[in-house]
Amino acid sequence: MISFYPGPSRIHDEIPQYVTDAVKTGILSANHRSEQFIELSKTTIGLLHDKLSVPRGYMIFFTSSATECWEIIAQSLVKNKSWHLYNGAFGQKWFDYTKRLREAEAVSFGLEEKIDAKLLHQTDDESVICVTQNETSNGTQVTNSVLRSIRRSKPNALIAVDATSSLAGIKLNIRSADVWFASVQKCFGLPAGLGLLICSPRAIARAKDIGDTSHYNSLTFMIDMMKKWQTSFTPNVMAIYLLSRVLRDSPPLAEVHAKTEKRYRRWIKFLSERKSLKHLVHTRSVQSYTVVTVTAAEAIIKEIKLRAKEEGILLGEGYGDWKPATFRIANFPALKRKEINRLMAFLEKY
């Protein structure tokens, strides 16, 4: 089965060999306070800085998932209120979860719209502005230029970005925000079970100022432990090892981005030539490069998903309000050209 599901999605072909190598090294039985784990952690963090162009002043932490990062941000970085800009289900889930813990304000915008920084006129310097960079539910994105405009508009607020479906798949300007987070089961081409949290010096200072120590994943604890290249909990050592191997063997991010964008443009051209299938999002400037959402009549969508499974192709279900009349196609780096060709050949008659 070829998985085009937008997470968990197709893993890299080399993963089985990396798992075998991990067993041979003995790292899977290593204590997470041991020198062996510390060396693995240090190496992996270094590779993340290099491969993702993370500035050296930013700290990187291992978490269990991107969803856990919602909780860490709410507990450790929100002083008074967080503001959530979203146009889809995952951005709204982040807002809904946060307001269980802290005061939070929703700022929704349309499917075809760019974020207007003027929407944030009520925020203050102590606010946390939360943006879903790539909205997996509908196939939209917030570009680097829009993130920069938010930063210029609110230079003293903390900006937190959910990059779950884009980190390691496209080039992101890490300096344009203070907090970035993602899980590895998408553009990293890894099995689920590991999250990454990236924090700027300003975010680290805010965490220390708030000083939350009432939770096992309080960022203050995580900072103290990561200064020693350790975690505040027993981590997913297998996933960290696999991440280090994938990063070591991956090409420069600029090359990955170019490949991702080229494939996205190929999908746009392909859909423009279909009779029944269309991209859900019409505005090119907000279309995601990594998740392509296709819409058609409900009967056609149902038929395509059933026939695709019979052909050994797994498509992503529609999500939220768009569930009945859409399916989603992952455009992640681990997918092969021949697999994309096979899916296009299957969809060509529609």
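A salt bridge here is a side-chain nitrogen of Lys or Arg within 4 Å of a carboxyl oxygen of Asp or Glu. The model is predicted, so to speak of local features a pLDDT of at least 70 is needed, side-chain atom pairs count only at pLDDT 80 or more, and totals for chains, interfaces and linings use all residues. Residues are numbered from 1 along each chain as its sequence is written, and side-chain values use heavy atoms, with hydrogens and water left out.

**View 1**
Glu126 and Lys79 meet through their side chains in a salt bridge, at 3.5 Å from N to O. These two come from distant parts of the chain, 47 residues apart: Glu126 sits in the loop between S4 and strand S5 (128-132), and Lys79 in the loop between helix H3 (66-77) and S3. Helices (H or I, at least four residues) and strands (E, at least two) are DSSP runs, numbered from the N terminus. Lys79 also forms a salt bridge with Asp209, and there the closest N and O atoms are 2.5 Å apart. Asp209 belongs to helix H6 (residues 201-210) and Lys79 to the loop between H3 and S3, so this pair ties together parts that are 130 residues apart in sequence. How accessible are the partners in the first pair? Glu126 is partly exposed at 33% relative accessibility, and Lys79 is partly exposed at 34%. For these labels, buried means under 20% relative accessible area, exposed over 50%, and partly exposed in between, with a 1.4 Å probe and protein chains only.

Glu273 counts as partly exposed, with a relative accessible area of 45%, while Lys269 counts as exposed, at 52%. Elsewhere, salt bridges that share partners join Arg10, Asp13, Lys336 and Glu339 into one network. How many salt bridges turn up by this rule? The count comes to 15.

**View 1. Strands S3 and S4, with the helix between them.**
S3 (82-86) and S4 (residues 104-108) run parallel and are joined by 5 bridges. Strands pair if DSSP finds at least two bridges between them. Pick out Trp83 and look for its bridge partner in S4: that is Glu105. From S3 the chain passes through helix H4 (residues 89-98) to reach S4, and this β-α-β crossover is right-handed. Right-handed means that, with the strands pointing away from the viewer, the path from the first strand over the helix to the second runs clockwise.

On a 1 Å grid over the protein atoms alone, a cavity is a set of points where a 1.4 Å probe fits but cannot get out; a pocket is an open set with protein on both sides within 12 Å along at least five of seven lines, and lining residues have an atom within 4 Å of a point. Grid points are joined across faces, edges and corners, and a volume is the space filled by probe spheres set on the points. Ala, Val, Leu, Ile, Met, Phe, Trp, Tyr, Cys and Pro count as nonpolar, Asp, Glu, Lys and Arg as charged, and the others, Gly among them, as polar.

**View 2. The largest pocket.**
About 450 Å³ of space lies in the largest pocket. Its lining takes in 21 residues, and His12, Ser250, Pro251, Val256 and Pro333 lie nearest the centre. Helix H8 (237-249) and helix H9 (253-272) each supply at least two of the lining residues, with the largest share, 4 residues, coming from H9.

Thr67, Phe90, Thr164, Gln185 and Lys186 are the closest to its centre, out of 21 lining residues. H3, H4 and strand S9 (179-183) each contribute at least two residues to the lining, and H3 gives the largest share, 3 residues. By class, the lining divides into 7 nonpolar, 10 polar and 4 charged.
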